[in-house]
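Me: I would like to go through this structure with you, chain by chain where needed. May I start with a detail of strand pairing and then widen the view?

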Amino acid sequence: MDIFIQQVISGLATGGIYASLALALVMIYQATDVVNFAQGELAMFATYICWTFLNAGFPYWVAFLSTLAIAFVGGVVIERVLIRPVENAPILTIVMVTLGLLVICNSVAGWIWTYVQKPFPSPFPERPFRAGNIVLGAHDIGEIQVTLLVLLCIYLFFRFTPLGLAMRAAAHNPVSSRLVGIRVGWMLALGWGLAAVFGAVAGMMVAPVLTLEPNLMGGVQIYAFAAATLGGFTSPGGAVLGGFIVGVVENLVGTYVHFIGTELKFTVALAMIIVVLLVRPTGLFGSTIVKRV
Amino acid sequence: MSALLEVQQLEAFYGRTKALHGVSFSMARGGITTILGANGAGKTTTLRAISRMVRTTGSIRFEDEPLERKATEDVVQLGIAHAPEGRGTFVHLTVEENLRLGAWGRRERGSMSDDFERVFGYFPVLRERRRQAAGTLSGGEQQMLAVARALMLRPRLLLLDEPSLGLAPLVVREIFRILRTINQTGVSILLVEQNAALALDLADHVFLLETGRVVMEGPSDVLRRDDAIRRAYLGY
């Protein structure tokens, strides 16, 4: 039982990371109908920027917040410079642009920072929490808190601020949004900026566990895809819940199903994607999209 | 006094297809003008041209300010509110959120509570439904919401695209009664309608559009007595 609880909580910790990245994917998907395949690589790149700040001697949270600011600006600039010109192009063209971005981010990171793995610090204390026989890593607990805080902020932003309302409107109904005077293009750019911020949080939280290297987010992105598919690409809340479910399932299966162990954990995510797409393509909370043709 | 809206030699294009072939008309301040015409005559396109949602040549001036080079968002800021064809409801958002969005392009910020009171005064049903998702409203209620959302801008010119479409006669009469009240508060209205009888009753000036051209214009009580108009659009 103790092992079970321990595995669930550490599953929630990694699940929070999948949730952040899944939320980033879903936000961009909702606004532009495009899956940003480079989301994970942008997160990795942001994590390297944070590493650079830390190496230069900045305190952790200063580096953390500066990285978020840079990630936000970076996301906005990428939308304006790379995505805007192909906005009205066929979906495949935009997908190719994000795939290109993925490759570029990965290679440039390797070129600047090399492919050697780098240790990345955790801002949380070393000493684990103990409650009876249950031992919980401090980083796991901290990670869950950071994720929940980010989710709370973004919920409040979209639910209660005029700008958040305008961004939701622009994503759902761009034509009507223009007619009430919303600059839809800028709302999409802000969406990319926010998505880059979620990605950066995920990257900086997962790097202490996986150690930093240019392929840091490759696996995480697959899990985030599984999370978004499970929760529904049209439902931000669903994607977040999907992230936590994927994290927990991944951990439990790895612990209790012996032939899977740690080596085949990855397969579980892919299997989940396939099962969801076969059984319920819209995901748990997604809505069926009706398109007029 | 110069015209509120002055349109000259307006041509509009969807891809290579020309939808308007040199439309010219002008609109006086404070009035209700209606554009009549059959399906495909270019009524909706004319409104879309004013809101800069379609490529055009020719000139459009609003209070002597040229609109041709402006973006839709900037036209809104000048005080032109457009309740579009199909009502343009934000179906996922609540009625109240729809109304809040209507005030987004307003130049003066400030409190919205007066505006809420005003539009709820016109359309009390929207007050009852303010926390409801707008997609769950009936067609008539969504049309009221479209007008109310446009009013949140505190517009000087209201563009209305077929507010009667698909609604029960009783609801339509109610909406048109309120449009008159709104006009009396100083909002000029440019109305596009297929229901000629209703439009002629409400409007003081009429333009008749046929295949992208203005073929007739005049005060509505004159045109109402015109035999050709009566036969073609009023059916008696």
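Me: Which residue in strand 8 of chain B stands opposite Thr34(B)?
Reply: This is a predicted model. In it, Leu191(B) of strand 8 is the residue opposite Thr34(B).

Me: In which sense do strand 3 and strand 8 of chain B pair, and over how many bridges?
Reply: Strand 3 of chain B and strand 8 (residues 188-193) of chain B are parallel, and five bridges link them.

Me: And strand 9 of chain B, how does strand 3 pair with that one?
Reply: Strand 9 (residues 205-210) of chain B pairs with strand 3 of chain B in the parallel sense, over five bridges. Within that pairing, Gly37(B) has Leu209(B) opposite.

Me: How many residues of strand 3 of chain B are buried?
Reply: Six of the six residues in strand 3 (residues 32-37) of chain B are buried. Ile32(B), Thr34(B) and Leu36(B) lie on one side, with Thr33(B), Ile35(B) and Gly37(B) on the other, and both faces are covered.

Me: Changing topic: what is the strand order of the open sheet in chain B?
Reply: The order is 2-1-4-5, a sheet of four strands with antiparallel pairing.

Me: Why is one side of strand 2 and of strand 5 of chain B left without a neighbour in the sheet?
Reply: Strand 2 (17-27) and strand 5 (65-66) of chain B are at the edges and each has a single partner strand, so one side of each lacks a neighbour in the sheet.

Me: What joins strand 1 to strand 2 in chain B?
Reply: Eight bridges join these two antiparallel strands of chain B, and Glu6(B) has Ser26(B) in strand 2 as its bridge partner. The two strands form a hairpin with two residues between them, and Gly15(B) in the turn has a positive phi of about 60°.

Me: How many bridges does strand 1 of chain B share with strand 4 of chain B?
Reply: Strand 1 (residues 5-14) and strand 4 (residues 55-62) of chain B are paired antiparallel over seven bridges. Phe13(B) is bridged to Arg55(B) in strand 4 of chain B.

Me: Which strands does helix 1 of chain B lie across?
Reply: Helix 1 (residues 43-50) of chain B lies across strand 1, strand 2 and strand 4 of chain B, at about 70° to strand 2.

Me: On to the other chain. How many residues does each chain bring to the contact?
Reply: Chain B contributes 18 residues and chain A contributes 15 residues. On the chain B side, helix 2 (72-77) and helix 3 (95-102) each supply at least two residues. That side of chain B has six nonpolar, eight polar and four charged residues.

Me: Is helix 3 of chain B mostly covered or mostly open, and what covers its buried residues?
Reply: Helix 3 of chain B is mostly covered, with six of its eight residues buried; among them are Val95(B), Leu99(B) and Arg100(B). The cover includes helix 6 (162-172) of chain A, together with helix 4 (113-122), helix 5 (124-128) and helix 6 (139-151) of chain B.

Me: What share of chain B is buried?
Reply: Buried residues account for 47% of the 236 residues in chain B. The secondary structure of chain B comprises ten helices and ten strands.

Methods:
Residues are numbered from 1 along each chain as its sequence is written. Chains are lettered from A and ligands numbered from 1 in the order in which they are written. This is a predicted model: local features need pLDDT of at least 70, side-chain atom pairs count only at pLDDT 80 or more; totals for chains, interfaces and linings use all residues. Two residues are in contact if their C-beta atoms, placed from the backbone, lie within 7 Å. Ala, Val, Leu, Ile, Met, Phe, Trp, Tyr, Cys and Pro count as nonpolar, Asp, Glu, Lys and Arg as charged, and the others, Gly among them, as polar. Two strands pair if DSSP finds at least two bridges between them. Axes are lines fitted to C-alpha atoms, for helices over the stretch in contact, and angles run from 0 to 180 degrees between N-to-C directions. A residue is buried if 20 or more other C-beta atoms lie within 10 Å of its own, exposed if 12 or fewer, and partly exposed in between; C-beta atoms are placed from the backbone.
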